[in-house]
Amino acid sequence: MNPRQKIVCFGLVLALLCPVSFGASSGGDDAENRLSTSTFKGLAMRAIGPALMSGRIADIAIDPTNRSTWYVAVGSGGVWKTVNRGTTWTPLFDEQASYSIGCVTIDPHNPQVIYVGTGENVGGRHVGFGDGIYRSRDGGKNWQQLGLELSEHISKIVVHPEDAKTIYVAAQGPL
């Protein structure tokens, strides 16, 4: 069971136990009955989207050639993609070293080229740091680290409007 599945399981168990803990009616409906195998029969674990891990959405990029395709950067939850305007989501960044994301940008010259700046773009005790900037040339299937490994917090990436080989990066550095 991966970490996302464990969180979903914990949430389900917590939701089932809360009514018992807070004085729900005791008409034969005790915690043992609620936690039986039949209670969870039919529930399949699945990734439900970018709010599962943290809920702090750092950035959103929408494909200008296909408005149904979105990339969402989550402060402490990686990068997620939807191709149906948010009905279903696919995690894209789980295999990378950094889970903390500050921004996501689509190259306006080629919507298959995606840039991700790691490290949350806010300050505070809850903030995760990153390990630089990444690029995907295939819509998020594969990633290449481009550098700025010590920048820790990247808040914006802009692709030059006339030259796709030139990108501008706003990197805060350590908090």
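**View 1. Arginine 56 and glutamate 120 meet in a salt bridge.** In this predicted model, the two side chains come together at 3.0 Å, N to O. The pair ties distant parts of the chain to each other, as its residues lie 64 residues apart. Arginine 56 sits in the loop between helix H3 (37-40) and E1, while glutamate 120 belongs to the loop between strand E6 (114-118) and strand E7 (133-136). Side chains of opposite charge can pair when their charged atoms come close. Arginine 56 is partly exposed, with a relative accessible area of 30%. Enjoy this view: the structure holds one salt bridge.

**View 2. Ile57, Ile60 and Ile62 make a nonpolar surface patch.** The patch covers about 240 Å². Take a look at isoleucine 60, which has its place in strand E1 (residues 57-62). With a relative accessible area of 48%, isoleucine 60 is partly exposed.

**View 3. Four strands form an open sheet in the order E5-E6-E7-E8.** Their pairing is antiparallel. Which strands stand at the edges? They are strand E5 (101-106) and strand E8 (144-147). Each has a single partner strand, so one side of each is left without a neighbour in the sheet. From one strand to the next, the twist averages 25 degrees.

**View 4. E6 and E7 pair in the antiparallel sense.** Strands of a sheet pair through backbone hydrogen bonds, either parallel or antiparallel. Here, E6 and E7 are joined over four bridges.

How values were computed:
Residues are numbered from 1 along each chain as its sequence is written. This is a predicted model: local features need pLDDT of at least 70, side-chain atom pairs count only at pLDDT 80 or more; totals for chains, interfaces and linings use all residues. Side-chain values use heavy atoms; hydrogens and water are left out. Patches are made of residues with over 30% relative accessible area and no salt bridge: like charges are joined within 9 Å, nonpolar side chains (Val, Leu, Ile, Met, Phe, Trp, Tyr) within 5 Å. Accessible areas come from the Shrake-Rupley method with a 1.4 Å probe; for residues, only the protein chains shown count as cover. A salt bridge is a side-chain nitrogen of Lys or Arg within 4 Å of a carboxyl oxygen of Asp or Glu. Helices (H or I, at least four residues) and strands (E, at least two) are DSSP runs, numbered from the N terminus. Buried means under 20% relative accessible area, exposed over 50%, partly exposed in between (1.4 Å probe, protein chains only). Two strands pair if DSSP finds at least two bridges between them. Axes are lines fitted to C-alpha atoms, for helices over the stretch in contact, and angles run from 0 to 180 degrees between N-to-C directions.
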